[in-house]
Amino acid sequence: MRSEKILEMLNEQLNRELFSAYFYTAMEAYFASQNLDGFANFFMVQTKEELDHARLIFDYINKIGGRVILKELKQPKIDYSSPTEVFELALSHERFITSSIHEIAKAALEEKDLTTHNFLQWFINEQAEEEETMDKILRKLKFIKEDPSGLLFLDKELSTRVYTPPSILQEN
Ligand code: OFO
């Protein structure tokens with residue numbers, strides 16, 4: 001059973017996922033400008049994942065007979081003082097997205113909308129992974145204290161990240 005309240009929250013979440021893609025594209029651009037191509041690759045892949053999140057919500061809203069409403073996206077931050085600052089912002093953004101998803105899941109339960117609650121389980125698991133990924137890299141950056149050779153080593157590691165569409169998207 002879907003309610004207008006849940007539809008509104010899903011539309012807001014769709015907007016947040018699209019903003020996440022925009023937010024991470026700005027980070028990719030920053031790293032590309034610093035010639036840290038591995039870091040840039042990491043955020044290029046992250047952007048694609050965010051677009052997948054948006055697509056899943058877009059399709060779900062349509063599937064339940066709702067109307068997708070796209071909203072304005074604000075300009076993301078485009079300059080950063082250091083790679084560490086970038087990952088601090090990325091981690092805090094992911095924490096915000098996690099709490100946003102949790103709020104919808106809680107509201108879906110209150111509204112007895114178990115279909116939406118079930119749909120959101122994938123996102124809840126995904127968010128735990130996203131937070132862990134950002135946190136791990138942030139801790140590595142703090143460990144190396146942005147020493148140039150450590151940064152280049154991490155850059156090489158991040159250049160290996162490959163985009164894989166989530167199986168849930170392939171099923172739909
Ligand atoms: Fe980064 O998980 Fe979606 O927003």
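Leaving out neighbours within four places in sequence, glutamate 50 is in contact with Glu17, Ser20, Ala21, Tyr24, Glu94 and Glu130. Contact here means heavy atoms within 4.5 Å. The model is predicted, so local features require pLDDT of at least 70 and side-chain atom pairs pLDDT 80 or more, while totals for chains, interfaces and linings use all residues. Residues are numbered from 1 along each chain as its sequence is written, and side-chain values use heavy atoms, with hydrogens and water left out.

Glutamate 50 lies in helix 2, residues 37–63. Helices are DSSP runs (H or I, at least four residues), numbered from the N terminus. The residue is buried, with a relative accessible area of 1%. Buried denotes under 20% relative accessible area, exposed over 50%, and partly exposed the range in between (1.4 Å probe, protein chains only). Between glutamate 50 and glutamate 85 there are 35 residues of sequence separation and a C-alpha to C-alpha distance of 20 Å.

Glutamate 50 also belongs to an annotated set. An unreviewed UniProt entry places the feature "binding site" at Glu17, Glu50, His53, Glu94 and Gln127. These positions are spread over 111 residues of sequence but cluster in space, with a largest C-alpha distance of 12.8 Å. From this set, His53 is part of the lining of the largest pocket. UniProt positions follow the numbering used here, feature names are shortened, and annotations may be inferred rather than shown by experiment. A pocket is an open set of points on a 1 Å grid over the protein atoms alone, where a 1.4 Å probe fits, with protein on both sides within 12 Å along at least five of seven lines; lining residues have an atom within 4 Å of a point.

Glutamine 127 is found in helix 4, residues 114–144. Its relative accessibility is 2%, and it counts as buried. Residues up to four places away in sequence aside, glutamine 127 touches Glu94, Ile97, Thr98 and Ile101. With glutamate 94 there is a side-chain to side-chain polar contact of 2.9 Å. A polar contact is a pair of N or O atoms within 3.5 Å; within protein, one must be able to donate a hydrogen and the other to accept it, and residues adjacent in sequence count only if both atoms are side-chain atoms.

The largest nonpolar core holds 24 residues, of which Met27, Phe31, Phe39, Phe43, Val86, Phe87 and Met134 touch the most other members. Two or more residues each come from helix 1 (4–33), helix 2, helix 3 (83–110), helix 4 and helix 5 (148–158). Helix 1 gives the most, with 7 residues. A nonpolar core is a set of buried Ala, Val, Leu, Ile, Met, Phe, Trp, Tyr and Cys residues joined through side-chain atoms within 4.5 Å. Beyond its neighbours within four places in sequence, phenylalanine 39 is in contact with Phe31, Phe87, Leu141, Leu151, Leu154, Asp155 and Leu158. A second, separate core of 20 residues includes Ile6, Ile61, Ile97 and Ala107.

Charged pairs were then examined. Side chains of opposite charge can pair when their charged atoms come close. The whole structure contains 10 salt bridges. Each is a side-chain nitrogen of Lys or Arg within 4 Å of a carboxyl oxygen of Asp or Glu. Arginine 16 and glutamate 12 form one, their closest N and O atoms being 3.9 Å apart. The two residues are 4 residues apart in helix 1, so about one helical turn separates them. Arginine 16 is partly exposed at 26% relative accessible area, and glutamate 12 is partly exposed at 27%. Glu12, Arg16 and Lys71 are linked in a salt-bridge network.

Lysine 142 and glutamate 88 meet in another salt bridge (3.9 Å, N to O). This pair links distant parts of the chain, with lysine 142 in helix 4 and glutamate 88 in helix 3, 54 residues apart. Lysine 142 is partly exposed, at 46% relative accessible area. Glutamate 88 is partly exposed, at 37%.

Within helix 4, glutamate 132 and lysine 136 lie 4 residues apart, about one turn of the helix. Their side chains form a salt bridge at 3.8 Å, N to O. Glutamate 132 is partly exposed, with a relative accessible area of 45%. Lysine 136 is likewise partly exposed, at 45%.
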